[in-house]
Amino acid sequence: MELTHNRYQIDGMDVIELIAKYGTPVYIYETSRMKQQYEKMLHAFRDVHLKVHFACKALTNINVLKFFRKTGSGLDAVSIQEVQLGLEAGFDPKDIIFTPNCVSIDEIMEGAVLGVKINIDNISVLEQFGHMNGNNVPVGIRINPHIMAGGHDKISTGHIDSKFGISIYQMPHVHRIVETTGIRVEGLHMHTGSDILDVDVFLRGAEIMFDVAASFPDLEYVDFGSGFKVPYKPDDYFTDIEALGKDLTKRFKKFCREYGRDLTLVFEPGKFLVSEAGTFFARVNVIKQTLSTVFAGLNTGLNHFIRPMFYDAHHQIINVSNPKGRMRIYTVVGYICETDTFGWDRTISDIREGDYLAFLNAGAYCYTMASNYNSRLRPPEVLIHEGKDYLIRERESFDDLLKNQIMIDL
Ligand SMILES: *Cc1c(COP(=O)(O)O)cnc(C)c1O
């Protein structure tokens, strides 16, 4: 979002006009920003054979999937339904990596039948899959390198207590299964969590990967997952993708030389590609002065936008109705009958009832985590693409609340 002549704009389109057209609450995404992020990755890893797979759990609207397919990206899917959405969006099955955890062998077989790349994160599943398919269906293996990434428990997935991946200490067992069943391991994968704080942590994980990779002779790709951090506030830390590209490229090339073949380097970013490409807008229903603070109460809540409550995520809040007002301190809250606080003690341009607030970084893990809690309707999604705005998901209606309910005679 940019401020031009005292009006906020998204990719050149007037925000207040978009709000008038689509109402609030509303999610608005811009493909130009997604493209920019995608190209940053390509540029950072220009000297290796790179394949980016958009982790679609961050934002699963079918149009966003189609957009990423058109840019040349693959897809990372964590459920068979995401796989199906990917196919619906036109992805070649070979460009979809299916990376579920704790799902049944049946679901994994469904993926195999559809022809997508299977990534296995459990010894018992590997064994069953190997016995069922032998060397007919190659697999990737998700390893757990036991490194900590980020400081937040809910988004660290590589450490010792994590449910994700097969421990590097269990590789002898993996090799026995590979030998017994004849299964071909074509990829190794790790995803250490959604907040890589520095390039060094990443490179430490990479060393462990290369160590493990050397003992698998049939590899086609090495998949470093994601966890790239994007800035959520003005002076926030973010992953320096150029620096990571430089260091990892060097290390990866050395590995490929030793391995004897050029492999594909894979990443599966979600947040990095779409977080900053989305903005969420809501209206201020009430201003409520209490003894301790001034609350701004919105026409939305944790049902539409749960990251602040679920992860303590900081999302910058801007009063788009009053760009040049006096800065004051507010606590911004939702209308749900829970404590759904979007932000405490935020300095925001003077808020009046009826004003519209924007939440930045609302592209990743926002709409996809929305619910109908309190029997509220989920908001619409709008896409700005090449200078035009498109409604890409309707606001729900009351009928949607009753759609799957079966009224019985009581
Ligand atoms: C969630 C997820 C990602 C994407 O993580 P981000 O932090 O959004 O980039 C990538 N790979 C797997 C397997 C995931 O589960």
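I looked up the partners of β20 and found that β20 and strand β21 (residues 388-393) pair in the antiparallel sense over five bridges; two strands count as paired if DSSP finds at least two bridges between them. Strands here are DSSP runs (E, at least two residues), and helices are H or I runs of at least four, both numbered from the N terminus. Ile384 stands opposite Asp389 in β21. The two strands form a hairpin with two residues between them, and Glu386 in the turn has a positive phi of about 45°.

The model is predicted: local features need pLDDT of at least 70, side-chain atom pairs pLDDT 80 or more, while totals for chains, interfaces and linings use all residues. Numbering runs from 1 along each chain as its sequence is written, and side-chain values use heavy atoms, without hydrogens and water.

I then checked the other partner: strand β4 (residues 26-30) pairs with β20 in the parallel sense over four bridges. Ile28 stands opposite Val382 in β20.

Is β20 buried or exposed? Four of its five residues (381-385) are buried, so the strand is largely enclosed by the rest of the structure. Buried is under 20% relative accessible area, exposed over 50%, partly exposed in between (1.4 Å probe, protein chains only).

Next I took the domains, whose bounds come from an automatic or database assignment: domain 1 is 2-28 + 275-402 and domain 2 is 31-274. I noted one salt bridge across their interface (side-chain nitrogen of Lys or Arg within 4 Å of a carboxyl oxygen of Asp or Glu). The largest share of the side of domain 1 that touches domain 2, four residues, comes from β20.
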